[in-house]
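Please view the sequence and the model together while reading.

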Amino acid sequence: MTTRTTDRIDKQILLRAPRARVWKAITDSQEFGDWFQTKFNGPFIPGQSVRGRVTHPGYEHVSVDFVIERIEPERYFSYRWHPNAIDTSVDYSGEPMTLVEFTLEEKPEGTLLTVSESGFDGIPIERRAAALKGNDSGWTGQIKAIEAWLRKHPVAPAR
Amino acid sequence: MTATRKLGTLEESARVFDALGDPTRLGLVARLCRGGPQSIAGLTGGSDVTRQAVTKHLRILEAAGLVRGLRQGRESRWEMEPERLEIAREYLAMMSERWTARLDALRRHVEKDSSG
């Protein structure tokens, strides 16, 4: 990240897999859920909402809603959601959502995936502070657990 | 996260605010970082920017939640709102880490059947 904004995240990753393969992994809601650790109750359709249940141990009580924005086959996919909406006692519906965008580009070595999430400055600062407070026992630990799990299970479950 | 936490170096601050893209406002931010809370008179001293222009720029910084003005007698004193900024930056770093982990998981997911 070259610009120190507080509003958006931009990530790039070169995946050694064909574009069609990456496209399916990000737009097939079941496959998306495999790596995102969320089980969705329907497909991703532009203009529609889809609910997912977090499958990560300890967070099964949490559900997330994706509002699918745009799908341009094998090139672009976007949705809006409330990031970090893990406190089930909080009603997040009145707060602005962030926009998550996936862009695919074919490269000789595979597929270049760009992921951007923007709109964080719309999230109340108190909400962001609360997310940080819970971070030590929550996500930092969870990410470590995910990493450990992935090291032990490099192959995703067959479907 | 404590209120006593300092904002960071001037260079770092400049990077944070480069989205503002205005040299006068960056200069004001630098003065507030270096000199602590100051009056408008203190902020205009030694520069050829008018009091009116400085006030206008401070209002813009205030609207962005980066500085705040505290009424003190007849004058306002202005200070950085470092905690707010620090929260915003730490939060973004946390969310960025999450994407790193998720994209790692995605990589494993899509490369498993392309590597062999």
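The side chains of Thr6(A) and Asp121(A) are joined by a polar contact of 2.8 Å (a pair of N or O atoms within 3.5 Å; within protein, one must be able to donate a hydrogen and the other to accept it, and residues adjacent in sequence count only if both atoms are side-chain atoms). The model is predicted: local features need pLDDT of at least 70, side-chain atom pairs count only at pLDDT 80 or more, and totals for chains, interfaces and linings use all residues. Residues are numbered from 1 along each chain as its sequence is written, chains are lettered from A and ligands numbered from 1 in the order in which they are written, and side-chain values use heavy atoms, with hydrogens and water left out.

Thr6(A) lies in the segment before β1 (8-15) of chain A. With a relative accessible area of 12%, Thr6(A) is buried (under 20%, using a 1.4 Å probe and protein chains only). Residues that Thr6(A) touches include Phe120(A), Arg128(A), Leu85(B) and Leu92(B), not counting residues up to four places away in sequence (contact means heavy atoms within 4.5 Å).

Chain B holds an open sheet of three strands in the order β1-β3-β2, with antiparallel pairing (two strands pair if DSSP finds at least two bridges between them). Its edge strands, β1 (38-39) and β2 (67-72), each pair on one side only. Six bridges link β2(B) to β3(B) (residues 75-80), and Val67(B) stands opposite Met80(B).

Two helices of chain B lie across strands of this chain.

| Helix | Strands crossed | Angle |

Helices (H or I, at least four residues) and strands (E, at least two) are DSSP runs, numbered from the N terminus. Axes are lines fitted to C-alpha atoms, for helices over the stretch in contact, and angles run from 0 to 180 degrees between N-to-C directions.

Note on methods
Buried < 20%, exposed > 50% of the residue type's maximum accessible area, 1.4 Å probe, protein only.
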